[in-house]
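Walk through this structure with me, one site at a time.

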Amino acid sequence: MNFQQIRNATITLEYGGQKFLVDPMLSKKGEFDPFLPAERDDRNPLVELPMSVDELLEGVDAVIITHTHEDHFDQAAKDQLPKDIKMFMQDEEDAKLAKELGFTNIEVMEEEVAIDFNGVEITEVDGRHGYGETAELMGNVMGVVFQHPEEETVYLAGDTVWYEKVEEIIDTYTPEIILLNGGENHFTGGRPVGNLIMGKEDIYEVYKAAPEATIVVSHLEAVNHWGLSREELKNFINEKGIQSNVLVPDDGESYTFE
Ligand SMILES: Nc1ccn([C@@H]2O[C@H](COP(=O)(O)O)[C@@H](O)[C@H]2O)c(=O)n1
């Protein structure tokens, strides 16, 4: 299995002979408005892709869209992904949006129901995009569990905070690899309040729930409302002594897991 951090929540996963592209945000640096109010008002994305879009799309068998927020499925992705590419989405509402854009090969996932995609079993699992009212404002999100007889189990958590369901998913699927969105993204003032995705303490909770797993943290420093830098996260995991359990890839960096 090969994991590559592309930018923000955009990653690729080569798994069981299939290449998955997750949450494509393909815009050039500064191509869309900032999410406000936030500590920074720079235009998004904050950084360029580490490769060309053509290179990124080469060999992709399927795209997984965990939800349709702009930093997970942006206008550039809507324009540049081939309209017949296989696409997995969380619900009919998201699929309707993609169909209206001209995408023709969409499969809607169903929570806790495994789908066989060319020998790879992918299962939608729940997520919570913030706490309380914030999660309601932010809308539905999903995570995905990947299983294959010759691969370690991967849990892609998506845009979620730590809550009881994440622990339940870890207990149920016992993933060896956990992919987290951990940028502590949040807004300043007004609604929605609080963190929208995991921060360092949430990541630590995941570590405690799965101390044998390798955790890879994405969704860092690429959109303006981020709250946790790579440096701060690395300092935190060093203080906790869990630097061999928690990996913090730079954009473009990849890992192979045997
Ligand atoms: N005041 C605001 C500003 C932005 N949003 C939406 O939040 C999403 C941020 O992206 P995440 O990856 O962190 O989910 C984006 O869809 C914005 O439209 C908001 O709800 N309220």
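Thr12 is found in strand E2, which spans residues 10–15. In this predicted model, Thr12 has a relative accessibility of 3%, so it counts as buried. Now look across to Val22. Thr12 and Val22 are ten residues apart along the chain, and their C-alpha atoms are separated by 6.1 Å.

Strand E3 also holds Gln18. The relative accessibility of Gln18 is 11%, and under 20% means buried, so Gln18 is classed that way. What does its side chain meet? The side chains of Gln18 and Asn118 are joined by a polar contact of 3.1 Å. Asn118 sits in the loop between strand E7 (114–117) and strand E8 (120–126). With a relative accessible area of 53%, Asn118 is exposed. Its backbone deserves a check too. Phi of Asn118 is near 50°, a positive value in a residue other than glycine. Most residues other than glycine have a negative phi.

His219 has a positive phi as well, about 60°, and is not a glycine. Find His219 in the loop between strand E12 (214–218) and helix H7 (230–240). Is His219 buried or exposed? Its relative accessible area is 2%, so His219 is buried.

Next, the peptide bonds. Most of them are trans. The bond from Leu36 to Pro37 is cis, with omega near 0°. The bond from Asn44 to Pro45 is cis too, with omega near -15°. Pro37 belongs to the loop between E3 and helix H1 (53–57). Pro45 is placed in the loop between E3 and H1.

Turn to the rings. How many aromatic pairs does the structure hold? There are ten. One of them joins Phe20 and Phe146. Their ring centres are 5.2 Å apart and their planes meet at 75°. Planes over 60 degrees apart count as edge-to-face, so this pair is edge-to-face. Phe20 lies in strand E3 (residues 18–22), while Phe146 lies in strand E9 (residues 142–147). The pair therefore ties together parts that are 126 residues apart in sequence. Both Phe20 and Phe146 are buried. Ring pairs also link these two with Tyr15, Phe88 and Phe117 into a cluster.

Charges sit over rings in two places listed here: Arg40 lies over the face of Trp226, at 3.8 Å from the ring centre, and the charged end of Lys83 sits over the ring of Phe103, 4.7 Å from its centre.

Tyr173 is part of helix H5 (residues 164–173). Its relative accessible area is 14%, so Tyr173 is buried.

Which residues lie closest to it? Of the 15 residues that surround the ligand, the closest are Leu36, His69, Asp71, His129 and His225. The shell divides into six nonpolar, six polar and three charged residues. Leu36 returns here. A polar backbone atom of Leu36 is 2.9 Å from a nitrogen atom of the ligand. An N or O atom in the side chain of His225 is 2.9 Å from an oxygen atom of the ligand. For Asp159, an N or O atom of the side chain is 3.1 Å from a ligand oxygen. Taken alone, the ligand exposes 480 Å², and the protein buries 77% of that.

Conventions. Residues are numbered from 1 along each chain as its sequence is written. This is a predicted model: local features need pLDDT of at least 70, side-chain atom pairs count only at pLDDT 80 or more; totals for chains, interfaces and linings use all residues. Side-chain values use heavy atoms; hydrogens and water are left out. A residue is near a molecule or strand if one of its heavy atoms lies within 4 Å of it. A polar contact is a pair of N or O atoms within 3.5 Å; within protein, one must be able to donate a hydrogen and the other to accept it, and residues adjacent in sequence count only if both atoms are side-chain atoms. Accessible areas come from the Shrake-Rupley method with a 1.4 Å probe; for residues, only the protein chains shown count as cover. Ala, Val, Leu, Ile, Met, Phe, Trp, Tyr, Cys and Pro count as nonpolar, Asp, Glu, Lys and Arg as charged, and the others, Gly among them, as polar. Rings of Phe, Tyr and Trp (its six-membered ring) pair if their centres lie within 6.5 Å; planes under 30 degrees apart count as stacked, over 60 as edge-to-face and the rest as tilted. Helices (H or I, at least four residues) and strands (E, at least two) are DSSP runs, numbered from the N terminus. Buried means under 20% relative accessible area, exposed over 50%, partly exposed in between (1.4 Å probe, protein chains only). A charge sits over a ring if NZ of Lys or CZ of Arg is within 6 Å of the ring centre and within 35 degrees of the ring normal.
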